[in-house]
Amino acid sequence: MGLVQPIATRRSATGIPTGKLAVWWLIGSEIVIFGGVLVSYIILRHYHADWTEEAAATNVWLGGLNTFVLLTSSLFAVLAHYYMEKRNDAKKASMYLWLTVVGALTFLVVKSFEWTHEIQHGYVMTKSLFWGFYYTAAGIHGLHVIAGAVIMGIIAIQIRQGKHYNRVELIGLYWHFVDIVWIFLFPLLYIAK
Amino acid sequence: MSSAEHHHEQSIWEKYIFSVDHKVIGMQYMFTGIAMALIGGFFVYVFRMQLAFPGMSVPGFGTVNPMEYNSLVTNHGSIMIFWVAMPVLIAAFGNFLIPLMIGCDDMVFPRLNRLSYQIFLVSAIILIISFFVQGGGFGGAWTSYPPLSAKSEYNLTPWGASLWLLAVALEFVAFLIGGINFITTLMNSRAPGMKMYDIPIVCWMIVIASILFMASVGPLIAGAVMLGFDQVYSIGFFDPGKGGDPVLWQHLFWFFGHPEVYVVLLPAMGIVAEVITTFARKKLFAYKTVLFTAAATGVLSFFVWAHHQFVSGIDPRMANVFTVTTLMISVPIAEMLFVYIATLYGGSIRFTTAMLFALAFLAEFLIGGVTGIYLGASGSDIFFHDTYFVLAHFHYTFVPIAIIATFAGLYYWFPKMSGRLMNETLGKIHFWMTIIPFNFIFIPLFILGASGQHRRIYNYQNFPDLAVPELQNLRVVATVALIFMILGQIPFFYNFIVSWKKGEKADANPWKAATLEWAAPSPPPHGNFAELPNCYRGPYEYSVPGRDLDYWPQNVK
């Protein structure tokens, strides 16, 4: 049974659609969550020069590949929005959303190879605090990738059914955020040796 | 626009348990909060009895062992802040009032709203379960400092500590979801014609509080994940032996913990603003000043957190900075109190129960605020740190916020919630039976704290300097006053339950107030207004010269 949408949801005193406003506030709340992990990491890293040896064991090439994959998937999210908003083409938009989902899955597959390899070589979460942060920060980010992929799949189906066109833009906003978090994680965890 | 389309037959489940109606969800939050307050109140009764009469069997509990004592104190604090003050002040009043006061039919995301309550309920259930697991409930204080909270060989509550942490984290998630809903609703769903400065102060305050919460809780959510990993996998984020830093937790905790004080204070300030304008029959003195000082308080509250850590080994130069910012934050708060007093000046004051509670809030909170200055100054804080002076100080802020202002709001909006009036005589008995014992509890604790009585002590008989009769007598006074205060709530519960069923019928606007919620029927049906109102003026147009009535509702042309 569907819910009758309240009049409140349809009002827009600011001129910004309600859904978009809420996604921006969601992103705001997420920034401080990731901010908390990363600032803790940066402060502790500042006091531990020896973490460079630990960081040397991370695989910059796989991390770089994943950065490329995520950036490309963000481009697909932009194209999905373009086809939905400018061309009103739900079919194309849905296709590009699925391509974004493929990007997310590729990211997760690469990540699981990477982590399997590292764990097999003894670089587990409890090995040292660096690896504690490595798995915690990337793990929380990975959960966001999974959530984004699931929601994107749902929206890709919904727009083919001819409803919720505005959600293409909303998931795009969220996806760019997930992407930007990775842009911070990659240099902090992989490149900084 | 008519909201008749909302009406269809609803089952009891749909109407009361899985409702998406903002009023029902507000009530769910309120009743859950009150139930948790009873648990938190029972806990304080047990451990105060242990302090006044050490070793005695407490009626209703039995003898208290040290582990139980720690767990009771910890969970009293956690419950009263996370499961009483926040759900009642922000979620219950926010849910009930925001859509009504800005003249719309519901929150913008009704199902997210329901999800928020369900997560909150799960968090409360997990907390209650944690009291009964092996080892008992967590006993490492509501601040949960590592290494005590991180290592089960120290806290001896392997399950209690982790369940406590999980419950707190889930509570944060519930309020993040709820907060996004409040902020978005206020921004987008106001009645046509309601401009920025026409929004009732209480709505502003709840939304500013939600923004503060959202901006401050993130690092602690991250910290909770890290502490959870420390507990379960011993990674050592907060363990110096493994390269971590226990003070890092204190930073993450208080970066949230101090804004949190203002997260609960601002809604209380908002409730009081509504009550005193209505019952002084006067326009709020300096609406914009209240709004801007609230915003200034919010900004400043992010720069004061380390005043909780003056003795934690932080850099003394940093202590100077935080002393200055802490003393600065008393300026906007004092300004707000002055504005409220100026609102009373020249008004035609009606001493209803709600008004008495609102006035008591101003007087009692003032004591809490003034004693805070001693604690914000790093020099005197080193002496007062971790004594009962600190405890009495923050209870003089939190009790006015979470108890007194909440009662002001409950007595004021009860007719809107139930469609009936509460009994004023019983209300006034309840008022005096709350306020007098409250002062008799905490003034002795100020004196005890200044005499050097340290917090978190199970039995003062083990400390010869503190076991002297003069100090012990003060402990007994505080405990007896506490029992009176708890008994003083009986008239309230009786009044609340009986009036809800059989009270005198209230019309839509029993207090002759001007804000939009009084334009809806009492109690408002699903969809709130028969005809969604337009807004033509500010919320506090009382005693406008040249008009017959002494109030000018926002929705009347």
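In chain B, Ala268(B), Val272(B), Val275(B), Ile276(B) and Phe279(B) of H8(B) meet Ala354(B), Met355(B), Ala358(B), Phe361(B) and Leu362(B) of H11(B). Here two residues are in contact if their C-beta atoms, placed from the backbone, lie within 7 Å. Helices are DSSP runs of H or I with at least four residues, strands are runs of E with at least two, and both are numbered from the N terminus. The residues of this contact divide into ten nonpolar, no polar and no charged. Ala, Val, Leu, Ile, Met, Phe, Trp, Tyr, Cys and Pro count as nonpolar, Asp, Glu, Lys and Arg as charged, and the others, Gly among them, as polar.

The model is a predicted one, in which local features need pLDDT of at least 70 and side-chain atom pairs count only at pLDDT 80 or more, while totals for chains, interfaces and linings use all residues. Residues are numbered from 1 along each chain as its sequence is written, and chains are lettered from A and ligands numbered from 1 in the order in which they are written.

### Helix pairs

Two packed helices are described by the angle between their axes and the distance between the axes. The axes are lines fitted to C-alpha atoms, for helices over the stretch in contact, and the angles run from 0 to 180 degrees between N-to-C directions.

| Helix pair | Axis distance | Crossing angle |
|---|---|---|
| H8(B) and H11(B) | within 9 Å | roughly 130° |
| H4(B) and H6(B) | within 8 Å | roughly 165° |
| H2(A) and H6(B) | 9 Å | about 140° |

H8(B) spans residues 246–280 and H11(B) residues 353–376. These two helices are oblique to each other. Angles under 35 degrees count as roughly parallel, over 145 as roughly antiparallel, 65 to 115 as roughly perpendicular and the rest as oblique. H8(B) passes H11(B) in a left-handed crossing. A crossing is left-handed if the near helix is turned anticlockwise from the far one by less than a right angle, and right-handed if clockwise.

H4(B) covers residues 110–130 and H6(B) residues 158–188. H4(B) and H6(B) are roughly antiparallel, and their crossing is left-handed. Their contact has 17 nonpolar, seven polar and one charged residues.

### Where chain A touches chain B

In total, 33 residues of chain A are in contact with 45 residues of chain B. Helices H1 (7–10), H2 (18–47) and H6 (129–160) of chain A are the elements that give two or more residues to the side touching chain B. H2(A) gives the most, with 15 residues. By class, this side of chain A has 18 nonpolar, 14 polar and one charged residues.

H2(A) packs against H6(B) at an angle of about 140°, and that makes H2(A) oblique to H6(B). H2(A) passes H6(B) in a right-handed crossing. Thr18(A), Leu21(A), Ala22(A), Trp25(A), Leu26(A) and Ser29(A) in H2(A) meet Leu176(B), Ile180(B), Ile183(B), Thr184(B), Met187(B) and Asn188(B) in H6(B).

Thr18(A), in H2 of chain A, is buried, with 22 other C-beta atoms within 10 Å. A residue is buried if 20 or more other C-beta atoms lie within 10 Å of its own, exposed if 12 or fewer, and partly exposed in between, with C-beta atoms placed from the backbone. Not counting residues up to four places away in sequence, Thr18(A) touches Thr9(A), Ser12(A), Val108(B), Thr184(B) and Asn188(B).

Arg160(A) lies in helix H6 of chain A and is partly exposed, with 14 other C-beta atoms within 10 Å.

### Chain B as a whole

Chain B has 16 helices and zero strands. The radius of gyration of chain B is 23 Å, close to the 24 Å that the globule rule gives for 557 residues, so chain B is as compact as a globular protein of that length. The radius is taken over C-alpha atoms, and the rule is 2.2 Å times the number of residues to the power 0.38. Buried residues make up 55% of the 557 residues in chain B.

### Local backbone features of chain B

The peptide bond from Pro146(B) to Pro147(B) is cis, with omega near 5°. Pro147(B) is in the loop between H4 and helix H5 (152–155) of chain B. A cis peptide bond also joins Ser522(B) and Pro523(B), with omega about -15°.

Lys512(B), not a glycine, has a positive phi of about 55° and counts as partly exposed, with 15 C-beta neighbours inside 10 Å. Asn528(B), not a glycine, has a positive phi of about 70° and counts as buried, with 28 C-beta neighbours inside 10 Å.
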